[in-house]
Amino acid sequence: MGERQVLLVAGEASGDLHGARLLEEMRRRAPDLRVFGLGGEELRAAGMETLWDSSEVAVVGITEVLSVLPRARRIFHGLLDAVEERGARCAVLIDSPELNLRLAKALKKRGVTVVYYVSPQIWAWRRRRIRTIRRVVDRMLVLFPFEEGFYREHGVDVVHVGHPLVDEVPALEHAWDAVAADELPATYRLALLPGSRASEIESLGPVFLRAGELLARQLPVELVWVRAPGVPRERIEALAARYDVPVRIVAADRLREVAAAHLAICASGTATLEVALAGTPLIVAYRVAAWSSLIARLMVRLPHFSLVNLVAERRVVPELFQGEATPERIAGEAAALLRDRAAIDRMRTGLATVRGALGEPGASVRAADAVLETCRS
(Lines give C-alpha, C1' and ligand atoms only; values in the text may rest on other atoms or scores of the structure.)
Protein backbone atom coordinates (compact mmCIF):
# COMPACT_ATOMS: atom_id res chain seq x y z
CA MET A 1 0.00 0.00 0.00
CA GLY A 2 2.80 2.46 -0.77
CA GLU A 3 4.52 2.89 2.60
CA ARG A 4 1.21 1.77 4.09
CA GLN A 5 -0.34 5.14 3.18
CA VAL A 6 -4.16 5.24 3.12
CA LEU A 7 -6.42 8.12 2.18
CA LEU A 8 -9.51 8.48 4.37
CA VAL A 9 -12.26 11.01 3.64
CA ALA A 10 -15.13 11.78 6.05
CA GLY A 11 -17.09 14.89 5.14
CA GLU A 12 -19.28 15.36 8.23
CA ALA A 13 -19.67 14.53 11.93
CA SER A 14 -21.19 11.05 11.82
CA GLY A 15 -18.64 9.97 9.21
CA ASP A 16 -15.89 11.38 11.41
CA LEU A 17 -17.11 9.23 14.32
CA HIS A 18 -17.55 6.04 12.26
CA GLY A 19 -14.22 6.67 10.57
CA ALA A 20 -12.44 7.06 13.91
CA ARG A 21 -13.71 3.72 15.19
CA LEU A 22 -12.78 2.10 11.89
CA LEU A 23 -9.28 3.60 12.01
CA GLU A 24 -8.73 2.39 15.58
CA GLU A 25 -9.50 -1.18 14.51
CA MET A 26 -7.39 -0.91 11.36
CA ARG A 27 -4.37 0.27 13.33
CA ARG A 28 -4.76 -2.57 15.83
CA ARG A 29 -4.30 -4.93 12.90
CA ALA A 30 -1.74 -2.86 10.99
CA PRO A 31 0.11 -0.51 13.39
CA ASP A 32 2.31 0.86 10.62
CA LEU A 33 -0.61 2.37 8.68
CA ARG A 34 -0.24 6.04 7.90
CA VAL A 35 -3.67 7.53 7.30
CA PHE A 36 -4.31 11.05 6.00
CA GLY A 37 -7.14 13.01 4.46
CA LEU A 38 -10.31 14.90 5.39
CA GLY A 39 -11.84 14.49 8.86
CA GLY A 40 -12.66 16.06 12.19
CA GLU A 41 -11.94 15.85 15.90
CA GLU A 42 -12.67 12.13 16.26
CA LEU A 43 -10.38 11.07 13.41
CA ARG A 44 -7.58 13.33 14.66
CA ALA A 45 -7.87 11.73 18.08
CA ALA A 46 -7.69 8.29 16.45
CA GLY A 47 -4.37 9.21 14.82
CA MET A 48 -5.28 10.44 11.35
CA GLU A 49 -3.37 13.32 9.78
CA THR A 50 -6.23 15.63 8.83
CA LEU A 51 -5.05 17.78 5.97
CA TRP A 52 -8.45 19.53 5.95
CA ASP A 53 -11.28 19.63 8.47
CA SER A 54 -14.63 18.11 7.54
CA SER A 55 -16.45 21.20 8.84
CA GLU A 56 -15.22 23.03 5.73
CA VAL A 57 -17.51 21.00 3.46
CA ALA A 58 -20.25 19.79 5.82
CA VAL A 59 -23.58 21.03 4.45
CA VAL A 60 -26.84 19.30 3.67
CA GLY A 61 -29.25 19.88 0.80
CA ILE A 62 -28.69 20.14 -2.92
CA THR A 63 -28.69 23.91 -3.18
CA GLU A 64 -26.68 24.35 0.05
CA VAL A 65 -23.77 22.51 -1.56
CA LEU A 66 -23.28 25.50 -3.87
CA SER A 67 -22.12 27.65 -0.96
CA VAL A 68 -19.07 25.47 -0.30
CA LEU A 69 -18.21 24.51 -3.89
CA PRO A 70 -15.11 26.73 -4.28
CA ARG A 71 -13.58 25.42 -1.06
CA ALA A 72 -14.65 21.85 -1.85
CA ARG A 73 -12.92 22.03 -5.24
CA ARG A 74 -9.66 23.12 -3.62
CA ILE A 75 -9.88 20.31 -1.08
CA PHE A 76 -10.78 17.81 -3.82
CA HIS A 77 -7.67 18.61 -5.86
CA GLY A 78 -5.54 18.85 -2.74
CA LEU A 79 -6.55 15.32 -1.71
CA LEU A 80 -5.62 13.98 -5.14
CA ASP A 81 -2.26 15.77 -5.01
CA ALA A 82 -1.61 14.27 -1.57
CA VAL A 83 -2.43 10.76 -2.86
CA GLU A 84 0.13 11.11 -5.65
CA GLU A 85 2.79 12.68 -3.43
CA ARG A 86 2.47 9.94 -0.81
CA GLY A 87 2.01 7.04 -3.18
CA ALA A 88 -1.22 5.89 -1.51
CA ARG A 89 -2.77 2.88 -3.24
CA CYS A 90 -5.90 2.55 -1.10
CA ALA A 91 -8.71 4.97 -0.16
CA VAL A 92 -11.56 4.70 2.32
CA LEU A 93 -14.41 7.08 1.49
CA ILE A 94 -17.13 7.54 4.10
CA ASP A 95 -20.65 8.69 3.12
CA SER A 96 -20.75 12.30 1.68
CA PRO A 97 -21.60 11.12 -1.86
CA GLU A 98 -21.52 14.54 -3.53
CA LEU A 99 -17.81 14.73 -2.74
CA ASN A 100 -16.84 11.09 -2.48
CA LEU A 101 -18.36 9.66 -5.66
CA ARG A 102 -16.50 12.29 -7.68
CA LEU A 103 -13.37 11.53 -5.72
CA ALA A 104 -13.80 7.80 -6.35
CA LYS A 105 -13.84 8.40 -10.12
CA ALA A 106 -10.61 10.38 -9.98
CA LEU A 107 -8.93 7.85 -7.70
CA LYS A 108 -9.82 4.90 -9.95
CA LYS A 109 -8.19 6.68 -12.88
CA ARG A 110 -5.03 6.79 -10.77
CA GLY A 111 -5.18 3.08 -10.00
CA VAL A 112 -6.20 3.53 -6.35
CA THR A 113 -8.32 0.82 -4.69
CA VAL A 114 -11.54 2.40 -3.39
CA VAL A 115 -13.50 1.13 -0.39
CA TYR A 116 -16.73 3.01 0.31
CA TYR A 117 -18.03 2.90 3.89
CA VAL A 118 -21.62 3.97 4.67
CA SER A 119 -23.62 3.75 1.48
CA PRO A 120 -25.15 6.75 -0.25
CA GLN A 121 -28.92 6.42 0.00
CA ILE A 122 -29.31 5.50 -3.65
CA TRP A 123 -32.03 3.03 -2.68
CA ALA A 124 -34.07 6.15 -1.80
CA TRP A 125 -33.25 8.47 -4.68
CA ARG A 126 -30.88 9.01 -7.65
CA ARG A 127 -30.64 5.27 -8.29
CA ARG A 128 -28.76 5.86 -11.51
CA ARG A 129 -25.66 6.46 -9.39
CA ILE A 130 -25.44 2.67 -9.02
CA ARG A 131 -23.75 2.60 -12.45
CA THR A 132 -21.01 4.92 -11.20
CA ILE A 133 -20.59 2.95 -7.98
CA ARG A 134 -20.29 -0.33 -9.87
CA ARG A 135 -17.55 1.18 -12.03
CA VAL A 136 -15.45 3.07 -9.46
CA VAL A 137 -15.96 1.39 -6.06
CA ASP A 138 -14.04 -1.82 -5.42
CA ARG A 139 -16.03 -2.73 -2.31
CA MET A 140 -19.07 -1.19 -0.63
CA LEU A 141 -19.47 -1.59 3.15
CA VAL A 142 -23.09 -1.11 4.22
CA LEU A 143 -24.75 -0.57 7.60
CA PHE A 144 -28.27 -1.87 6.96
CA PRO A 145 -29.23 -5.43 5.94
CA PHE A 146 -31.56 -4.32 3.12
CA GLU A 147 -28.69 -2.44 1.45
CA GLU A 148 -26.68 -5.62 0.92
CA GLY A 149 -29.33 -7.22 -1.29
CA PHE A 150 -29.74 -4.02 -3.30
CA TYR A 151 -26.04 -3.80 -4.15
CA ARG A 152 -25.63 -7.49 -4.80
CA GLU A 153 -28.54 -7.37 -7.22
CA HIS A 154 -26.74 -4.59 -9.11
CA GLY A 155 -23.39 -6.39 -9.34
CA VAL A 156 -21.47 -4.44 -6.67
CA ASP A 157 -19.03 -6.20 -4.32
CA VAL A 158 -20.74 -5.52 -0.99
CA VAL A 159 -20.26 -6.46 2.67
CA HIS A 160 -22.89 -5.85 5.34
CA VAL A 161 -20.85 -4.90 8.42
CA GLY A 162 -23.70 -3.71 10.65
CA HIS A 163 -24.12 -0.32 12.32
CA PRO A 164 -21.27 0.99 14.52
CA LEU A 165 -23.73 2.84 16.75
CA VAL A 166 -24.72 -0.50 18.27
CA ASP A 167 -21.29 -0.46 19.94
CA GLU A 168 -21.25 3.30 20.55
CA VAL A 169 -24.52 3.47 22.48
CA PRO A 170 -24.58 1.13 25.49
CA ALA A 171 -27.70 0.20 27.41
CA LEU A 172 -28.19 3.14 29.78
CA GLU A 173 -30.48 3.88 32.70
CA HIS A 174 -33.18 6.16 31.34
CA ALA A 175 -35.03 9.12 32.82
CA TRP A 176 -38.41 7.43 32.35
CA ASP A 177 -37.22 4.38 34.30
CA ALA A 178 -37.25 6.50 37.46
CA VAL A 179 -40.88 7.55 36.95
CA ALA A 180 -43.62 5.21 38.18
CA ALA A 181 -45.71 3.64 35.41
CA ASP A 182 -48.83 5.60 36.35
CA GLU A 183 -47.09 8.95 36.92
CA LEU A 184 -45.52 11.85 35.04
CA PRO A 185 -42.35 13.80 36.00
CA ALA A 186 -42.56 16.97 38.07
CA THR A 187 -40.14 18.62 35.59
CA TYR A 188 -39.52 17.48 32.03
CA ARG A 189 -36.00 17.47 30.63
CA LEU A 190 -36.00 18.29 26.90
CA ALA A 191 -32.86 17.53 24.84
CA LEU A 192 -32.25 19.63 21.72
CA LEU A 193 -30.14 18.07 18.93
CA PRO A 194 -30.35 20.36 15.89
CA GLY A 195 -27.38 18.81 14.09
CA SER A 196 -23.67 19.34 13.58
CA ARG A 197 -23.42 21.31 10.34
CA ALA A 198 -23.32 25.09 10.36
CA SER A 199 -26.32 25.16 8.01
CA GLU A 200 -28.32 23.01 10.43
CA ILE A 201 -27.46 25.19 13.42
CA GLU A 202 -28.59 28.29 11.53
CA SER A 203 -31.78 26.68 10.20
CA LEU A 204 -32.91 24.46 13.07
CA GLY A 205 -31.32 26.01 16.16
CA PRO A 206 -33.74 28.96 16.38
CA VAL A 207 -36.71 26.69 15.61
CA PHE A 208 -35.83 24.24 18.38
CA LEU A 209 -35.13 27.00 20.91
CA ARG A 210 -38.40 28.77 20.15
CA ALA A 211 -40.25 25.44 20.42
CA GLY A 212 -38.65 24.94 23.83
CA GLU A 213 -39.66 28.45 24.86
CA LEU A 214 -43.27 27.79 23.83
CA LEU A 215 -43.30 24.41 25.57
CA ALA A 216 -42.00 25.99 28.78
CA ARG A 217 -45.16 28.14 28.88
CA GLN A 218 -47.25 24.97 29.08
CA LEU A 219 -45.15 22.57 31.15
CA PRO A 220 -42.26 22.75 33.63
CA VAL A 221 -39.33 22.14 31.28
CA GLU A 222 -35.54 22.10 31.52
CA LEU A 223 -33.84 22.60 28.13
CA VAL A 224 -30.53 20.89 27.37
CA TRP A 225 -28.72 21.56 24.08
CA VAL A 226 -26.61 18.48 23.33
CA ARG A 227 -23.70 20.00 21.43
CA ALA A 228 -22.33 17.96 18.54
CA PRO A 229 -18.54 17.69 18.07
CA GLY A 230 -17.14 20.66 16.17
CA VAL A 231 -20.02 23.04 16.95
CA PRO A 232 -18.65 26.15 18.72
CA ARG A 233 -20.21 26.66 22.15
CA GLU A 234 -20.13 30.42 21.59
CA ARG A 235 -22.46 30.09 18.59
CA ILE A 236 -25.01 28.18 20.67
CA GLU A 237 -24.76 30.68 23.52
CA ALA A 238 -25.41 33.54 21.10
CA LEU A 239 -28.52 31.81 19.74
CA ALA A 240 -29.85 30.82 23.15
CA ALA A 241 -29.50 34.40 24.46
CA ARG A 242 -32.31 35.46 22.12
CA TYR A 243 -34.91 33.35 23.90
CA ASP A 244 -36.61 33.80 27.24
CA VAL A 245 -35.83 30.33 28.59
CA PRO A 246 -32.70 28.93 30.30
CA VAL A 247 -30.66 26.50 28.19
CA ARG A 248 -27.93 24.23 29.53
CA ILE A 249 -25.30 23.37 26.91
CA VAL A 250 -23.55 20.00 27.24
CA ALA A 251 -20.93 18.18 25.19
CA ALA A 252 -19.37 15.62 27.53
CA ASP A 253 -21.25 12.35 28.10
CA ARG A 254 -23.64 13.21 25.28
CA LEU A 255 -25.35 9.82 25.36
CA ARG A 256 -25.95 9.93 29.12
CA GLU A 257 -27.41 13.41 28.71
CA VAL A 258 -29.75 12.08 26.02
CA ALA A 259 -30.77 9.14 28.22
CA ALA A 260 -31.42 11.57 31.08
CA ALA A 261 -33.97 13.46 28.92
CA HIS A 262 -37.68 12.68 28.86
CA LEU A 263 -37.95 13.82 25.24
CA ALA A 264 -35.58 14.86 22.44
CA ILE A 265 -36.17 17.22 19.53
CA CYS A 266 -33.75 15.93 16.93
CA ALA A 267 -32.62 16.83 13.43
CA SER A 268 -33.00 14.06 10.89
CA GLY A 269 -29.80 12.04 10.53
CA THR A 270 -27.57 9.65 12.42
CA ALA A 271 -28.31 11.39 15.73
CA THR A 272 -31.87 10.05 15.59
CA LEU A 273 -30.47 6.52 15.82
CA GLU A 274 -28.31 7.51 18.80
CA VAL A 275 -31.37 8.87 20.56
CA ALA A 276 -33.40 5.77 19.68
CA LEU A 277 -30.68 3.44 20.97
CA ALA A 278 -30.56 5.45 24.20
CA GLY A 279 -34.29 4.79 24.56
CA THR A 280 -35.35 8.45 24.59
CA PRO A 281 -38.66 9.37 22.97
CA LEU A 282 -38.11 11.88 20.19
CA ILE A 283 -39.63 14.13 17.59
CA VAL A 284 -37.71 14.38 14.31
CA ALA A 285 -37.78 17.73 12.51
CA TYR A 286 -35.91 19.02 9.50
CA ARG A 287 -35.65 22.01 7.19
CA VAL A 288 -33.59 22.65 4.09
CA ALA A 289 -33.57 25.40 1.47
CA ALA A 290 -36.76 25.66 -0.58
CA TRP A 291 -35.20 24.34 -3.78
CA SER A 292 -33.61 21.40 -1.96
CA SER A 293 -37.00 20.56 -0.47
CA LEU A 294 -38.74 20.70 -3.84
CA ILE A 295 -36.15 18.49 -5.51
CA ALA A 296 -36.23 16.01 -2.62
CA ARG A 297 -40.02 15.74 -2.76
CA LEU A 298 -39.85 15.06 -6.49
CA MET A 299 -37.07 12.49 -6.33
CA VAL A 300 -37.33 10.64 -3.00
CA ARG A 301 -39.71 7.70 -2.84
CA LEU A 302 -39.72 6.51 0.77
CA PRO A 303 -42.52 6.05 3.31
CA HIS A 304 -40.52 7.92 5.99
CA PHE A 305 -37.62 10.39 6.07
CA SER A 306 -36.23 9.60 9.54
CA LEU A 307 -33.79 6.72 9.96
CA VAL A 308 -35.63 5.54 13.07
CA ASN A 309 -38.85 4.93 11.18
CA LEU A 310 -37.02 3.49 8.17
CA VAL A 311 -35.16 0.98 10.34
CA ALA A 312 -38.28 0.11 12.33
CA GLU A 313 -40.24 -0.13 9.05
CA ARG A 314 -43.14 1.77 10.60
CA ARG A 315 -43.95 5.18 12.08
CA VAL A 316 -42.55 5.01 15.60
CA VAL A 317 -41.73 8.72 16.01
CA PRO A 318 -43.32 11.91 14.62
CA GLU A 319 -41.66 13.42 11.54
CA LEU A 320 -41.99 17.12 10.77
CA PHE A 321 -40.43 18.24 7.50
CA GLN A 322 -40.05 21.72 6.05
CA GLY A 323 -43.28 23.71 6.53
CA GLU A 324 -44.43 21.35 9.27
CA ALA A 325 -41.22 21.92 11.27
CA THR A 326 -42.42 25.10 12.99
CA PRO A 327 -41.86 25.98 16.65
CA GLU A 328 -45.61 25.90 17.25
CA ARG A 329 -46.06 22.47 15.72
CA ILE A 330 -43.03 21.00 17.50
CA ALA A 331 -44.12 22.42 20.86
CA GLY A 332 -47.66 21.12 20.31
CA GLU A 333 -46.45 17.62 19.46
CA ALA A 334 -44.10 17.65 22.45
CA ALA A 335 -46.75 18.82 24.91
CA ALA A 336 -49.27 16.22 23.74
CA LEU A 337 -46.71 13.44 23.97
CA LEU A 338 -45.36 14.41 27.38
CA ARG A 339 -48.87 14.56 28.86
CA ASP A 340 -49.67 11.05 27.63
CA ARG A 341 -47.71 8.38 29.52
CA ALA A 342 -49.27 5.58 27.45
CA ALA A 343 -48.02 7.23 24.24
CA ILE A 344 -44.54 7.59 25.76
CA ASP A 345 -44.51 3.90 26.69
CA ARG A 346 -45.67 2.85 23.21
CA MET A 347 -42.93 4.92 21.60
CA ARG A 348 -40.26 3.48 23.91
CA THR A 349 -41.42 -0.04 23.02
CA GLY A 350 -41.06 0.83 19.33
CA LEU A 351 -37.61 2.32 19.88
CA ALA A 352 -36.47 -0.88 21.59
CA THR A 353 -36.82 -2.73 18.26
CA VAL A 354 -34.27 -0.46 16.57
CA ARG A 355 -31.22 -1.97 18.27
CA GLY A 356 -32.06 -5.48 17.07
CA ALA A 357 -32.74 -4.22 13.55
CA LEU A 358 -29.28 -2.60 13.34
CA GLY A 359 -27.43 -5.91 13.65
CA GLU A 360 -24.89 -7.46 15.98
CA PRO A 361 -22.10 -5.55 17.80
CA GLY A 362 -18.67 -5.37 16.17
CA ALA A 363 -19.40 -3.34 13.02
CA SER A 364 -16.10 -1.43 13.14
CA VAL A 365 -14.16 -4.68 13.55
CA ARG A 366 -15.86 -6.22 10.52
CA ALA A 367 -15.36 -3.03 8.51
CA ALA A 368 -11.64 -2.89 9.35
CA ASP A 369 -11.17 -6.50 8.27
CA ALA A 370 -12.98 -5.81 5.00
CA VAL A 371 -10.92 -2.69 4.28
CA LEU A 372 -7.57 -4.37 4.92
CA GLU A 373 -8.55 -7.45 2.93
CA THR A 374 -9.59 -5.30 -0.03
CA CYS A 375 -6.51 -3.11 0.05
CA ARG A 376 -4.14 -6.09 0.24
CA SER A 377 -5.74 -7.97 -2.66
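Q: Does Glu-41 count as buried, exposed or partly exposed, and at what relative accessibility?
A: Glu-41 counts as partly exposed, at 47% relative accessibility. Bear in mind that this is a predicted model. The cut-offs explain the label: buried is under 20%, exposed is over 50%, and partly exposed lies in between.

Q: Which helix does Glu-41 lie in?
A: Glu-41 lies in helix α2.

Q: What is Glu-41 in contact with, leaving aside neighbours within four places in sequence?
A: Asp-16, Pro-229 and Gly-230.

Q: How far apart are the C-alpha atoms of Glu-41 and Pro-229?
A: They are separated by 7.2 Å. Along the chain the two residues are 188 residues apart.

Q: Next, Arg-44. Where is it found?
A: Arg-44 is in helix α2, which covers residues 41-45.

Q: And how does Arg-44 count on relative accessibility?
A: Partly exposed, at 36%.

Q: Which residues is Arg-44 in contact with, neighbours within four places aside?
A: Gly-39, Thr-50 and Asp-53.

Q: Zooming out, how many helices and strands are in the protein chain?
A: The chain has 16 helices and 13 strands.

Q: What percentage of the 377 residues is buried?
A: Buried residues make up 56% of the chain.

Q: And of the contacts with a separation of 6 or more, what share comes from residues 24 or more positions apart?
A: Those account for 67%.

Q: On to the core. Which residues of the largest nonpolar core touch the most other members?
A: Tyr-117 and Leu-215, out of 105 residues in that core. The largest share of this core comes from helix α8 (residues 198-216), with eight residues.

Q: What does Tyr-117 touch, not counting residues up to four places away in sequence?
A: Its partners include Leu-22, Val-92, Leu-93, Ile-94, Leu-141, Leu-143, Val-161 and Ala-367. His-18, Asp-95 and Pro-164 are also among them.

Q: What lies apart from that core?
A: Another core, of 36 residues. Leu-79, Leu-80, Leu-99 and Val-137 are among its members. In soluble globular proteins, nonpolar side chains tend to be buried together.

Q: Now helix packing. How do the axes of α8 and α14 cross?
A: They cross at roughly 50° and come within 8 Å. That angle makes α8 oblique to α14. Helix α14 covers residues 327-338.

Q: Is the crossing of α8 and α14 left-handed or right-handed?
A: Right-handed.

Q: Which residues in α8 and α14 meet?
A: From α8, Val-207, Phe-208, Arg-210, Ala-211, Leu-214 and Leu-215. From α14, Pro-327, Glu-328, Ile-330, Ala-331, Ala-334, Ala-335 and Leu-338. The residues of this contact divide into eleven nonpolar, no polar and two charged. Leu-215 turns up here, and it is also one of the two residues that touch the most other members of the largest core.

Q: And α4 with α5: how do the axes cross?
A: At roughly 40°, coming within 9 Å. That makes α4 oblique to α5. The crossing is left-handed. Helix α4 is residues 97-109, and α5 is residues 129-136.

Q: Which residues in α4 meet which in α5?
A: Pro-97, Glu-98, Leu-101, Ala-104, Lys-105 and Lys-108 in α4 meet Arg-129, Thr-132, Ile-133, Arg-135 and Val-136 in α5.

Q: Switching to backbone. What is phi of Ser-96?
A: Near 40°, a positive value in a residue other than glycine.

Q: Where is Ser-96 found?
A: In the loop between β4 (90-94) and α4.

Q: Is Ser-96 buried or exposed?
A: Buried, because its relative accessible area is 15%, and the cut-off is under 20%.

Q: What is Ser-96 in contact with, leaving aside neighbours within four places in sequence?
A: Gly-11, Glu-12 and Tyr-116.

Q: What about phi of Asp-253?
A: Near 50°, again positive in a residue other than glycine. Asp-253 lies in the loop between β10 (247-250) and α10 (254-259).

Q: How does Asp-253 count on relative accessibility, buried or exposed?
A: Exposed, at 56%. Ser-96, by contrast, is buried.

Key. Residues numbered from 1 in each chain as written. Predicted model: local features only at pLDDT ≥ 70, side-chain atom pairs only at ≥ 80, totals over all residues. Heavy atoms only, no water. Axes fitted to C-alpha atoms, helices over the stretch in contact; angles between N-to-C directions. Helix = DSSP H or I, 4+ residues; strand = E, 2+ residues; numbered from the N terminus. Parallel < 35°, antiparallel > 145°, perpendicular 65-115°, else oblique. Left-handed = near helix turned anticlockwise from the far one by under 90°. Contact = heavy atoms within 4.5 Å. Core = buried A, V, L, I, M, F, W, Y, C linked by side-chain atoms within 4.5 Å. Buried < 20%, exposed > 50% of the residue type's maximum accessible area, 1.4 Å probe, protein only. Nonpolar A, V, L, I, M, F, W, Y, C, P; charged D, E, K, R; others polar.
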